[in-house]
Amino acid sequence: MPFLSDTLKRVKPSPTIAVSNLAAELKAAGKDVIGLGAGEPDFDTPQNIKDAARAAMDAGKTKYTAPDGIPELKQAICAKFKRDNGLEYTPAQVSVGTGGKQILYNALMATLNPGDEVVIPAPYWVSYPDMVLLAGGEPVIAEAQAQTDYKLTPEQLEAAITPKTKWFIFNSPSNPTGAGYTAEELKGLTDVLMRHPHVWVMTDDMYEHLVYGDFEFATPAEVEPGLYARTLTCNGVSKAYAMTGWRIGYAAGPEDLIKAMRKIQSQSTSNPCSISQWAAVEALNGPQDYIPVNNETFRRRRDLVVGMLNAAEGITCATPEGAFYVYPSIAGCIGKTTPAGVKIDSDESFATALLEEKGVAVVFGGAFGLSPNFRVSYATSDENLKAACTRIQAFCAELR
């Protein structure tokens with residue numbers, strides 16, 4: 001009798017975490033490596049948030065809490081949804097988890113049965129398909145192309161839906177592309193969903209506040225109120241508030257679904273860190289003025305990276321609307337060979353050779369379900385970005 005679960009055979013480790021770990025190991029070994037794989041801001045958590053955490057500890061707020069969040073945080077989340085998205089929720093409709101990933105996983109575990117399908121646009125965040133598989137469902141990948149700026153069209157969504165479809169997972173701005181859907185583009189998708197009342201919507205809005213220029217964020221239940229009763233609107237404090245290590249994600253949706261998610265969390269992790277919850281209260285209720293300041297830094301970095309990558313031979317890079325990623329195509333590099341004799345036959349071989357020969361760590365596009373591309377996170381210093389992009393330009397110029 002095998003000791004390990006057969007379910008583990010359905011999933012793979014996170015490629016993005018693997019790249020970050022490998023870059024850290026090479027650096028520790030004395031290698032000159034620039035890591036562009038991490039999906040987290042390089043800014044420190046704002047001082048008012050850290051002060052709130054210290055105050056919570058000093059006040060003895062270090063005990064167990066309700067399994068899915070303290071009342072004060074649920075109230076702050078309700079206020080945030082009303083303020084930013086025009087969505088009315090009660091605390092009974094809110095769940096708080098140990099990061100956004102747990103929120104998504106709990107919802108899938110609470111709803112999927114064997115054979116249930118989940119439509120996932122590609123390129124996708126690496127964990128979506130594997131979480132569906134862990135929960136017993138079947139991911140159905142709908143590929144968005146460069147011609148549509150990596151955004152799914154209504155026709156593609158319509159074609160992916162079957163009688164077995166239970167969820168549509170939607171992420172804007174996107175990890176890995178940074179592509180953001182306008183309200184008009186989103187309305188095209190919600191019109192399709194309104195024709196299929198058996199399909200629920202799981203919207204991952206983690207990069208909501210990281211948008212640039214005149215782009216305006218919108219979320220499905222806001223654009224189409226008719227979807228409110230079958231939408232789980234997911235978010236968190238990790239990106240906009242530079243709180244990745246605090247591990248607080250949250251969602252709001254129908255009360256019966258929230259109850260089911262609470263049941264799973266009560267028998268798995270139980271409550272998120274109490275101190276992190278109080279810090280998140282301050283993040284959501286406190287000053288928001290540093291968000292546009294940080295965004296301007298990200299916008300400048302985005303423009304730097306896009307410009308330098310488009311100057312590299314064989315690479316084309318679109319300018320995204322949000323997040324802190326770009327997703328350049330390396331179609332012009334496929335079939336070439338590096339000075340070390342490595343044949344570039346895929347984006348994975350490109351990324352591996354780039355790391356080994358130039359010391360730049362990126363994540364290959366196959367990990368996100370669409371090739372030939374790679375993902376760059378520009379959530380690092382201008383100095384690192386300039387150096388890394390210069391190395392990428394040199395790498396591409398040397399291909400023959």
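Helix axes are taken here as lines fitted to C-alpha atoms over the stretch in contact, with angles running from 0 to 180 degrees between N-to-C directions. In the predicted model, the axes of helix H4 (residues 100-111) and helix H9 (residues 255-266) come within 9 Å and cross at roughly 105 degrees. Because angles of 65 to 115 degrees count as roughly perpendicular, H4 is assigned a roughly perpendicular orientation to H9. On the H4 side, the contact is made by Gln 102, Ile 103, Asn 106, Ala 107, Met 109, Ala 110 and Thr 111; H9 contributes Leu 257, Ala 260, Met 261, Ile 264 and Gln 265. Classified by residue type, this contact of H4 with H9 comprises eight nonpolar and four polar residues, with no charged residues.

At the level of the whole fold, the protein chain has 13 helices and twelve strands. Its radius of gyration is 21 Å, close to the 21 Å that the globule rule gives for 400 residues, so the chain is as compact as a globular protein of that length. The C-alpha trace spans about 60 × 55 × 55 Å along its principal axes. Of the 400 residues, 56% count as buried. Among contacts with a separation of 6 or more, 74% are accounted for by residues 24 or more positions apart.

A search of the whole structure finds zero disulfides. For Cys 317, the closest cysteine sulfur is that of Cys 389, at 8.6 Å, which is too far for a bond, given that a disulfide requires sulfur atoms within 2.5 Å. Cys 317 is buried, with a relative accessible area of 7%, and Cys 389 likewise counts as buried, at 2% relative accessibility.

Several backbone features were also identified. Most residues other than glycine have a negative phi, and most peptide bonds are trans. The peptide bond from Ser 172 to Pro 173 is cis, with omega near -15 degrees; Pro 173 is placed in the loop between strand E5 (165-171) and helix H7 (183-194). A cis peptide bond also links Ser 371 to Pro 372, with omega near 0 degrees, and Pro 372 lies in the loop between strand E11 (363-364) and strand E12 (374-377).

Positive phi values near 60 degrees occur at Arg 247 and at Ser 270. Arg 247 belongs to the loop between strand E7 (231-236) and strand E8 (249-252) and is partly exposed, with a relative accessible area of 36%. Ser 270 is found in the loop between H9 and helix H10 (274-285); this serine is partly exposed, with a relative accessible area of 25%.

Notes: Residues numbered from 1 in each chain as written. Predicted model: local features only at pLDDT ≥ 70, side-chain atom pairs only at ≥ 80, totals over all residues. Heavy atoms only, no water. Helix = DSSP H or I, 4+ residues; strand = E, 2+ residues; numbered from the N terminus. Parallel < 35°, antiparallel > 145°, perpendicular 65-115°, else oblique. Contact = heavy atoms within 4.5 Å. Nonpolar A, V, L, I, M, F, W, Y, C, P; charged D, E, K, R; others polar. Buried < 20%, exposed > 50% of the residue type's maximum accessible area, 1.4 Å probe, protein only. Rg over C-alpha atoms; globule rule 2.2 N^0.38 Å.
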